[in-house]
Amino acid sequence: MKHTTILHKANEFVKNGDYESFLAYCTPNTKWVFVGERILNGKEEVRAYMKEFYCEPPVFSVEKAIEEGNFVMVTGEIRLKNKDGKYEHFDYCDIWRFEEGKIAELKAFVIGKKPSL
């Protein structure tokens, strides 16, 4: 199965709030780097992050997905509901690295959008 297909299949679980099924697609020592913000090491830290920041499942769209070897680069938009119940909007560029068909690493560039006037 192509890595892009695996990623899209795994992300369907995120869209539905089934984070444990998503985590099954990750290696035990998966590493997520949110550039300029934080680094998550291992499934437990990713699980804790999802529990804290995904109060409700994120709403995201994919603009482009490009696969090269063990890497998939994805761009798009994401909306996350904050603790006040309001959506925050972001543009993202994610670079995913795979090992043996599982997500081994994410390097995410996420930029907040200012509300339009």
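Predicted model: local features only at pLDDT ≥ 70, side-chain atom pairs only at ≥ 80, totals over all residues.
Which residues of helix H3 are buried?

View 1. Residues are numbered from 1 along each chain as its sequence is written, and side-chain values use heavy atoms, without hydrogens and water. In H3 (residues 43–53), Val46, Tyr49 and Met50 are buried (under 20% relative accessible area, with exposed over 50%, 1.4 Å probe, protein chains only). Helices (H or I, at least four residues) and strands (E, at least two) are DSSP runs, numbered from the N terminus. The three cover an arc of only 95 degrees around the axis, which puts them on the same side of H3; the arc uses directions from the helix axis to the C-beta atoms. Glu44 and Lys51 are exposed on the other side.

**View 2. Trp32 and its contacts.** Contact means heavy atoms within 4.5 Å. Trp32 touches Phe22, Val46, Met50 and Trp96, among others, not counting residues up to four places away in sequence. In the largest nonpolar core, of 28 residues, Trp32 is one of those that touch the most other members. Such a core joins buried Ala, Val, Leu, Ile, Met, Phe, Trp, Tyr and Cys residues through side-chain atoms within 4.5 Å.

**View 3. The open sheet.** Six strands run in the order S2-S1-S6-S5-S4-S3, with mixed pairing (two strands pair if DSSP finds at least two bridges between them). S2 and S3 (59–68) stand at the edges with a single partner strand each, so one side of each lacks a neighbour in the sheet. S1 and S6 pair in the parallel sense over five bridges. Val33 has Lys107 in S6 as its bridge partner.
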